[in-house]
Amino acid sequence: MIAVNPKIEASWLDVLKEEFQSPYFLELKQFLIQEKSKYRIFPPGGKIFAAYDQTPFYEVKAVIIGQDPYHGYGQANGLCFSVNQGVEMPPSLINIFKELHDDIGCNVPQSGDLSKWAQQGVLMLNAVMTVRENCAGSHRNKGWEKITDASIKALSDKREHLVFILWGNYAKEKISLIDSAKHCILTAVHPSPLSANRGGFFGCKHFSKTNKYLTDNNITPINWELN
């Protein structure tokens, strides 16, 4: 169950407190209570705000934006594109790891858990933060997008020299929230097989480009190696 002021990392609670006190969030809370009474929803309640909890506002260096969580049992862990250790890697994540290897030579990880990235300042934010089991997109347009849009805009307005990594058309729609004069915006097609195999994801080199931008701005780069 989501509280009016949810249990979330302190710096993010401060940034988003007006959102959590708004009428739409109360409606979202009621929607989630109803959903939970009828269905299994993912990620589990304690993991819904994992992206925020693992990457405090003033520690963010890069932002990867996903659409909504994986809807299969045991997959979603609150970080976009990430799955729990021991869970079979989805095709999009396999393609991300292929590009990671081709770009900077990282070993292909044994686990799809991306927590190590989050703990280094990579905010991995799904625009919609919950989903009904086996029903992709079931929690869209219920209020989550307003919260995550506010998060992106707050990062753009209050921080500088961040890298926003936008894969796919849905993520690219967030460009209007980002000040390109203060931040680096990297775009490519979505890493799903349908999109990536048409060209434009493989070879985008977003991992090395992110680290170059951070280094150029005297910010410690990300160690993308997961093994």
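Analyst: Ring pairs join W12, F20, F25, F49, Y52, F57, Y58 and W144 into a cluster, where rings of Phe, Tyr and Trp (its six-membered ring) pair if their centres lie within 6.5 Å, with planes under 30 degrees apart counting as stacked, over 60 as edge-to-face and the rest as tilted. The model is a predicted one, in which local features need pLDDT of at least 70 and side-chain atom pairs count only at pLDDT 80 or more, while totals for chains, interfaces and linings use all residues. Residues are numbered from 1 along each chain as its sequence is written, and side-chain values use heavy atoms, leaving out hydrogens and water.

Across the whole structure, a search finds 15 aromatic pairs. One of them joins F20 and F25 edge-to-face, at 5.0 Å centre to centre and with 65° between the planes, and both of these residues are buried, a word that stands for under 20% relative accessible area (1.4 Å probe, protein chains only). F20 also forms an edge-to-face pair with F49, at 6.1 Å centre to centre and with 85° between the planes. This second pair links distant parts of the chain, since F20 lies in helix α1 (residues 10-20) and F49 in the loop between β1 (41-42) and α3 (50-54), 29 residues apart; helices (H or I, at least four residues) and strands (E, at least two) are DSSP runs, numbered from the N terminus. F20 counts as buried because its relative accessibility is 0%, and F49 is buried with a relative accessible area of 4%.

Conventions: Buried means under 20% relative accessible area, exposed over 50%, partly exposed in between (1.4 Å probe, protein chains only).
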